[in-house]
Amino acid sequence: MAKFNLQALLVGLLATNASAALDGSRYLWYTSPATDWETGVLPIGNSRLGAAIFGGANEVVTINEDTLWDGPLQNRIPANGLAALPKVRQMLEANSLTAAGNLVLSQMTPPISGERQFSYFGNLNLNFGHSSGGISNYIRSLDTRQGNSSVSYTYNGVTYTREYVASTPAGVIAARFTASKAGALSVSATFSRISNILSNVASTSGGANTLTLQGSSGQAASDNPILFTGTAQFVASGATFSTSGGTLTISGATTIDVFIDVETSYRYPSASDLAAQVNSKLSAAVSQGFQKIHDGAIADASALLGRANINLGTSPNGLASLSTDQRVKNARSSFNDPQLAVLAWNYGRHLLVASSRNTSAAIDMPPNLQGVWNNQTSAPWGGKFTININTEMNLWPAGQTNLIETQLPLFDLMKVAQPRGQQMAQDLYGCNGTVFHHNLDVWGDPAPTDNYTSSTMWPMGATWLVQHMIEQYRFGGDLNLLRSATYPYLLDISKFLQCYTFSWQGNLVTGPSLSPENTYVVPSNATVSGQQEPMDLAPEMDNQLMRDVMKGIIEAAAALGISSSDSNVQAATNFIPQIRTPRIGSYGQILEWRYEYGETDPGHRHLSPMYGLHPSNQFSPLVNTTLSAAAKALLDHRVASGSGSTGWSRTWLMNQYARLFSGADVWKHLVAWFAEYPTPNLWNTNDGSTFQIDGNFGLTSGLTEMLLQSQTGTVHLLPALPGSNIPTGSAQGLMARGGFEVDINWSGGSLTSATVTSTRGGSLTLRVAGGQSFKVNGATYSGSIQTTSGTKYSITV
Ligand SMILES: *[C@@H]1O[C@H](CO)[C@@H](O)[C@H](O)[C@H]1NC(C)=O
Ligand SMILES: *[C@@H]1O[C@H](CO)[C@@H](O)[C@H](O)[C@H]1NC(C)=O
Ligand SMILES: *[C@@H]1O[C@H](CO)[C@@H](O)[C@H](O)[C@H]1NC(C)=O
Ligand SMILES: *[C@@H]1O[C@H](CO)[C@@H](O)[C@H](O)[C@H]1NC(C)=O
Ligand SMILES: *[C@@H]1O[C@H](CO)[C@@H](O)[C@H](O)[C@H]1NC(C)=O
Ligand SMILES: *[C@@H]1O[C@H](CO)[C@@H](O)[C@H](O)[C@H]1NC(C)=O
Ligand SMILES: *[C@@H]1O[C@H](CO)[C@@H](O)[C@H](O)[C@H]1NC(C)=O
Ligand SMILES: *[C@@H]1O[C@H](CO)[C@@H](O)[C@H](O)[C@H]1NC(C)=O
C-alpha cells in the first residue's frame with residue numbers, strides 16, 4: 001500500500017499543469033497518444049456520425065456514419081417455417097425436446113444466417129511531420145460533460161493544439177488545429193479505408209480544399225449496395241494548398257479548420273440528393289466557421305449532460321489526479337477511486353448523448369453493439385442491434401439520468417422494423433401483429449439470426465423493446481407520443497401474442513422459444529435424455545415480457561382516457577391471468593424453464609429469468625417478497641457459479657442487486673467490472689478485450705439505481721447505497737418515473753436532505769432507504785402527496 005501511494009504521488013507530481021487542472025470525475029486524459037484503436041481512442045459523436053481520435057503526431061481519426069452497414073435489405077424469411085411450427089409444438093408438448101430443436105434448426109431458421117453488419121467509413125490520416133521523439137508536454141483529453149476532445153504538445157518550441165467536436169445541430173464533425181507560432185503548421189491529409197473504395201480524391205477546385213472518399217458496401221451495382229460519400233473540407237487562411245492523388249497538403253498555416261460529413265444512400269437513395277446533402281452541410285458549416293460550430297456543439301451537448309450530476313466523494317491519495325490509463329490500471333488490482341466511478345458514469349452519459357439523438361434526419365439510429373464507433377468493415381458481432389439484452393441495456397441510463405429523449409432513435413428503428421416484423425409474423429407464424437427475434441440490423445430485419453440453438457429461436461425481441469416506449473411516457477409524460485406511437489405499437493405486439501401463443505396446461509404459452517443464450521439438460525422423462533438443449537415451451541422470461549406488454553396496454557389506455565371496456569383493453573386484461581405464473585424450484589429459485597431441468601451453465605451471463613427484478617418491477621421486494629426472494633436465490637446462485645463473465649453481464653448484476661436493495665453487492669460488481677473489463681479509454685469489453693458499449697451504459701444505470709429507483713411507482717431515495725464505500729455524496733437532476741426530478745445529499749451512509757421537483761403534477765409516493773421515517777416540507781410523511789407541477793418538495797430526516 002505504501003509503495004502504491006508513493007507511485008501515485010510521483011505520477012501526480014509529474015503531471016503537467018494543464019492536466020493538474022483536469023477534474024478526475026469529468027475528464028479522460030492521457031500523456032501519450034493512443035497506439036491501438038480499441039484501447040486508446042477518444043470517442044465523440046453527434047449520433048449520426050462518430051469519430052474516434054488517436055491523438056498522435058501522425059493523427060488518425062476513425063469516422064463512422066450510423067447507416068453505413070455492409071449491404072442492402074435481405075429476405076431472410078424461412079420458407080418452410082410455418083409448416084414446421086405445429087409439428088415443433090407437438091414435439092415440445094410430447095417432451096421430445098431434441099427432435100423439436102432439430103426441426104426448428106432445419107426448417108425455421110433463415111436461408112441467410114445473419115443480418116447486415118455495421119461498417120466503418122474510414123480513417124482521416126493527418127501527418128503533421130512531427131517525429132514523435134521530439135514531442136513534449138503532451139496531453140490529450142475528453143470532456144465528458146461537454147463532449148469535446150483535444151490534443152496538445154510542444155514540438156521544436158512551438159505548441160500545437162487540436163480540438164475536435166461533433167455537432168448535432170450542424171450535423172458535422174469539426175476540428176481546429178493551431179500552432180503557437182505563425183505559419184508553423186503543415187499537414188498532409190488523406191482518407192483511407194480497407195476495401196470497397198470507389199474513388200478517393202483531394203481537390204482544391206473552386207477554392208474548396210477537400211478530400212472526398214466514395215465507397216460501397218461491396219455488392220454488385222445491380223444488387224443495390226449501400227453507397228456513401230464522405231468529405232473533409234479544410235479552411236486555412238494564408239496557407240498553401242496542393243494535391244497529389246488522394247492527398248491534400250497544407251503548408252505554412254497557423255490555424256487549420258476542418259469540417260467533415262459522411263452521407264449514405266440509406267437516407268439519400270438518389271446520388272444527387274446524397275451529394276447535395278454533403279455539400280449543403282459542409283458549406284453551411286464552413287460559412288458558420290469553427291468557433292460557432294464548436295460553441296453550438298458544446299451548448300447543445302452540455303444542455304443535456306448538465307441536467308444531472310453525481311458526486312460519490314473524493315478519492316484518497318491523489319488517485320483522481322492521475323491520468324486515466326493509470327487509474328484504470330490501479331483499479332484492476334484494488335478499487336479505491338470513487339471519482340473514477342463518477343467518471344465512468346459521466347462517460348456513459350457522454351456516450352449516450354454522442355450516439356443516440358433525435359436529429360433532423362427522418363430516421364435516427366440508436367446505439368448498436370459498438371455505439372457508433374467501429375474501425376472495421378464489419379464490426380465485432382456485426383455491430384448489430386442485439387435485442388435480447390444489449391440494445392435495451394444501451395438505453396437504461398436514458399430516463400433515470402434525465403436524458404429521456406435519447407430513446408427516440410430506438411423508436412425510429414422500431415418503426416423501420418415494424419412492417420418487416422409484420423411480414424415475419426405472417427410468414428413464419430401465420431399471425432397478424434409484429435414479431436422480432438433476437439437481432440435487428442439497420443433495415444430492421446427481424447428474422448431469426450444464425451442457426452445456433454441457444455439464441456436463434458426467440459420471438460420476443462419486440463416485446464422487450466416496446467417496454468422502452470412505455471418508459472418514455474413514465475419518465476417524460478409525452479401523451480402525444482403515447483397516443484401516436486406507443487399505444488398502437490403495443491396493440492400490434494399484443495395482436496401477435498394473442499395469435500401466436502397456444503394453450504398448454506391451462507396457460508397461453510410461447511414456443512418454440514428459449515431463455516436467451518442458455519441451455520438445459522434434457523431430463524430422464526424426456527428425449528433425448530442427457531442432451532443439452534435450449535428450446536422449450538414457456539421459458540420464464542417470455543411470460544414476464546408478455547405480462548408487461550399487457551399491463552402496458554392497460555396503463556397506456558388509462559393515461560389516454562381509453563375506457564377499460566374497450567375491446568383492446570379487455571383483450572389485454574383477459575390475457576394476463578392466462579399467462580403462466582413463476583414457478584419456484586428446489587433451492588428456492590425462480591425456474592428459468594418450464595420444468596426444473598438440470599443446468600448446463602449455472603453461472604450463465606444472461607440473467608433473463610430475473611428480468612422481473614430488473615429492468616421490470618414484477619419481482620421487486622416492494623411488489624412481491626416471495627418472488628423477489630426467489631429471484632435473489634437464482635441471482636446468488638448465478639453469481640456463486642461465475643456469472644458476470646462479460647462486461648455487460650457484470651453491469652447487469654449491479655442493476656439487479658440494486659433492485660434487491662443491496663448496495664454492497666452493487667459496489668462489489670462495480671469493483672469486479674473495473675478489475676477486468678474496461679480498456680484504458682474506459683470502454684467496456686466483452687471479456688477484457690473486444691469493445692462492446694452496452695456495459696458502459698449498464699454501469700451508468702447501475703450506479704444510478706443505487707441512488708434512486710421508481711420502477712414500482714414509489715420514488716425511492718437511496719434504495720441501495722453502499723454506505724461504507726461511499727459514505728458521503730450527492731446527486732442532482734436524477735429523474736423518477738412520474739416526472740419527478742430529484743436532488744439528494746447523504747452523509748454517514750444515509751440521507752441528510754433531498755428535494756423532489758414535480759415536473760407534471762400527479763401523486764408522489766416516497767420512500768427513503770429501508771423505509772425510515774422522514775419529513776416533507778417539515779411535516780412527517782404519512783403517505784402519497786398530490787403535487788403541483790413546478791413545485792419543489794423538501795425532504796429532511
Ligand atoms: C481496429 O482496431 C483493432 C483493435 O484495436 C485493431 O486490432 C485493428 O487493426 C484495427 N483495424 C483497422 C482497420 O484499423
Ligand atoms: C441449420 O442447421 C441444421 C443442422 O443443425 C441444418 O439441418 C439446416 O439445414 C441449417 N439451416 C440452414 C438454413 O442452413
Ligand atoms: C472544450 O471546449 C471548452 C470551451 O468551451 C474548452 O475550454 C476546453 O478546453 C475544451 N475541452 C476539451 C477537452 O477539448
Ligand atoms: C425529433 O426531431 C424532429 C426534427 O427535429 C422534431 O420534429 C420532433 O418533434 C422530435 N421528436 C420529439 C418526440 O421530440
Ligand atoms: C389478420 O388481419 C386481417 C386483416 O385485418 C384479417 O382479415 C385476418 O382475419 C387476421 N388474421 C388473423 C389470423 O387474425
Ligand atoms: C419430468 O421431469 C421434470 C424435471 O425433473 C419434472 O419437473 C417434471 O415434472 C417431469 N414431468 C413428468 C410428466 O413427470
Ligand atoms: C406473489 O407471487 C406469487 C407467485 O406468482 C403469488 O402466488 C402470490 O399471490 C403473490 N403475492 C402477492 C402478495 O401478490
Ligand atoms: C445539498 O447540500 C448542499 C451543500 O450543503 C446544499 O447547497 C444543497 O441545497 C443540498 N441539496 C439538497 C437537495 O438538500
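Biologist: Which is K384, buried or exposed?

Modeller: This is a predicted model, where local features need pLDDT of at least 70 and side-chain atom pairs count only at pLDDT 80 or more, while totals for chains, interfaces and linings use all residues. Residues are numbered from 1 along each chain as its sequence is written, chains are lettered from A and ligands numbered from 1 in the order in which they are written, and side-chain values use heavy atoms, without hydrogens and water. Buried means under 20% relative accessible area, exposed over 50%, and partly exposed in between (1.4 Å probe, protein chains only). K384 has a relative accessible area of 8%, so K384 is buried.

Biologist: Which residue meets K384 in a salt bridge?

Modeller: A salt bridge needs a side-chain nitrogen of Lys or Arg within 4 Å of a carboxyl oxygen of Asp or Glu. K384 has such a bridge at 3.9 Å, N to O, with E115. K384 lies in the loop between α9 (338-355) and β18 (385-386), and 269 residues away, in the loop between α5 (97-108) and β5 (122-127), sits E115. Helices (H or I, at least four residues) and strands (E, at least two) are DSSP runs, numbered from the N terminus; the partner is E115.

Biologist: How many salt bridges does the rule give?

Modeller: Side chains of opposite charge can pair when their charged atoms come close. By this rule, the count of salt bridges is 24.

Biologist: Which residue forms a salt bridge with R267?

Modeller: The closest N and O atoms of R267 and E65 are 3.0 Å apart. R267 lies in the loop between β16 (255-264) and α6 (271-288), while E65 is in strand β4 (residues 58-65), 202 residues apart. R267 counts as buried because its relative accessibility is 15%.

Biologist: What area is buried between domain 1 and domain 2?

Modeller: The domain assignment, automatic or from a database, gives domain 1 as 6-70 + 123-308 and domain 2 as 78-115 + 395-581, among others. Their centres, over C-alpha atoms, are 42 Å apart, and eight residues of domain 1 are in contact (heavy atoms within 4.5 Å) with eight of domain 2. Buried area is the accessible area (1.4 Å probe) that two parts lose on being put together, summed over both. Carbon and sulfur atoms give 67% of the buried area, which is about 810 Å².

Biologist: Which residue does a cis peptide bond join to H614?

Modeller: Omega of that bond is about 10°.
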